[in-house]
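Subject: Model handover and findings

Hi,

Here is the structure we talked about. Please look it over before you read my notes below.

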Amino acid sequence: MANLTDLVNLNLSDCSDKIIAEYIWVGGSGIDLRSKARTVKGPITDVSQLPKWNYDGSSTGQAPGEDSEVILYPQAIFKDPFRRGDNILVMCDCYTPQGEPIPTNKRHSAAKIFSHPDVVAEVPWYGIEQEYTLLQKDVNWPLGWPVGGFPGPQGPYYCAAGAEKAFGRDIVDAHYKACIYAGINISGINGEVMPGQQWEFQVGPSVGIAAADQVWVARYILERVTEVAGVVLSLDPKPIPGDWNGAGAHTNFSTKSMREPGGYEVIKKAIDKLALRHKEHIAAYGEGNERRLTGRHETADINTFKWGVANRGASIRVGRDTEKEGKGYFEDRRPASNMDPYVVTGMIAETTLLWKQN
């Protein structure tokens, strides 16, 4: 008699040309992820082979009950590390039945920016550093911390090893490998400054909107891995008040012109533009970010824009190698861990490549 594990791990290719496509979308809060699965004929090699699909938007905070239908448009496909085989994950965005993007569909606006000829010509690269916190399920307290208590002060935990300094590494490694399996351009992981349960993964360098698609699907995979592990994933930018680092999503950016000789001057001009639109960017860089951007714990104050070489207390950091070589990239350190990658990547491209000062 087959047990549950045997059935979950059934290889459908032995008996059917059908595959399972897990449709993923961003829910009504703008940070929650939803998904549902459908059976399609495989293999699927391009999103154009997939049908649109509908869901009940009144149950996700995205439509009223009297007109609840929202349509999913498949936009990017990835291998499914959970079902494996030819099964796939499908990143979608959301539209009304009339074909209009719903208010929480931030991908639509980003796609317009990334399809602009001036942006396409510059081949924008992004590297996004997604920090996150793991919490004990029943008490919503950091994994590895004594319930209601605190570990020793920050210092020994960043990139650390050891049972008293690193918690949840099995979850982190499972997520890392699952992302590689899925085809996400995940470039690394590390333990972060806040003790034990705060970690980071990096996506990129990836071009244009693909970077944002990959971050969203990497977040989805992490939600699924933590679901199996029985822990809670938090993207709160300051999950624990006090003398602890917050969680961000530092966004590294370069254009073709920045990567070529003379690019350092292009970078400085781009930073000048970012300074002029600081308030607009901060408003779009994540909820609760004022609790994180205090001028302490490797941040610049939320109301102050400054940049510097190798300065982790700046809004924008430029690396030593970029300064030395006269070309490269910069890091926008302002985005919060709960930022929408469609909004942040699109806004950086818009400000640096399309925006004209009046």
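Which residue's side chain meets that of Asp213 in a salt bridge? The partner is Arg107, at 2.9 Å, N to O. A salt bridge here is a side-chain nitrogen of Lys or Arg within 4 Å of a carboxyl oxygen of Asp or Glu.

First, the ground rules. This is a predicted model, where local features need pLDDT of at least 70, side-chain atom pairs count only at pLDDT 80 or more, and totals for chains, interfaces and linings use all residues. Residues are numbered from 1 along each chain as its sequence is written, and side-chain values use heavy atoms, with hydrogens and water left out.

Salt bridges

Back to Asp213 and Arg107. Helices (H or I, at least four residues) and strands (E, at least two) are DSSP runs, numbered from the N terminus. Both residues of the pair, Asp213 and Arg107, are buried. Buried means under 20% relative accessible area, exposed over 50%, and partly exposed in between (1.4 Å probe, protein chains only).

Arg291 and Asp236 meet through their side chains in a salt bridge of 3.1 Å, N to O. They are 55 residues apart. Arg291 is in the loop between helix H8 (278–284) and strand S12 (307–309). Asp236 is in the loop between strand S10 (231–234) and strand S11 (249–254). Arg291 has a relative accessible area of 37%, so it is partly exposed. Asp236 is partly exposed too, because its relative accessibility is 27%.

Asp32 and Arg34 form another salt bridge, at 2.8 Å, N to O. Arg34 counts as partly exposed because its relative accessibility is 31%. There is also a network of salt bridges, which links Glu298, Arg317, Glu331 and Arg333. The whole structure has 15 salt bridges.

Cavities

There are four cavities of 30 Å³ or more. The largest cavity holds about 70 Å³ of space. Its lining has 13 residues, and the closest to its centre are Val26, Asp93, Thr104, Asn105 and Lys106. Strand S5 (residues 88–95) gives the most to this lining, with four residues. By type, the lining has six nonpolar, three polar and four charged residues.

On terms: a cavity is a set of points on a 1 Å grid, over the protein atoms alone, where a 1.4 Å probe fits but cannot get out. Lining residues have an atom within 4 Å of a point. Grid points are joined across faces, edges and corners, and a volume is the space filled by probe spheres set on the points. Ala, Val, Leu, Ile, Met, Phe, Trp, Tyr, Cys and Pro count as nonpolar, Asp, Glu, Lys and Arg as charged, and the others, Gly among them, as polar.

Backbone

Most residues other than glycine have a negative phi, and most peptide bonds are trans.

- Gly42 and Pro43 are joined by a cis peptide bond, with omega about -5°. Pro43 is in the loop between strand S2 (33–41) and strand S3 (53–56).
- Gly204 and Pro205 are joined by a cis peptide bond, with omega about 5°. Pro205 is in strand S9 (residues 198–207).
- Val123 is not a glycine, yet its phi is positive, about 40°. Val123 is in the loop between helix H3 (117–120) and strand S6 (125–136). Its relative accessibility is 30%, so Val123 counts as partly exposed.
- Asn140 is not a glycine either, and has a positive phi of about 50°. Asn140 lies in the loop between S6 and strand S7 (141–142). With a relative accessible area of 47%, Asn140 is partly exposed.

Two distances

Ala178, in helix H4 (residues 169–182), is 47 residues from Val225 along the chain, and their C-alpha atoms are separated by 8.9 Å. Ala178 is buried because its relative accessibility is 10%. Glu192 and Ala182 are 10 residues apart in sequence and 24 Å apart in space, C-alpha to C-alpha. Glu192 is in the loop between strand S8 (186–191) and S9.

Best wishes

Notes
On a 1 Å grid over the protein atoms alone, a cavity is a set of points where a 1.4 Å probe fits but cannot get out, and a pocket is an open set with protein on both sides within 12 Å along at least five of seven lines; lining residues have an atom within 4 Å of a point.
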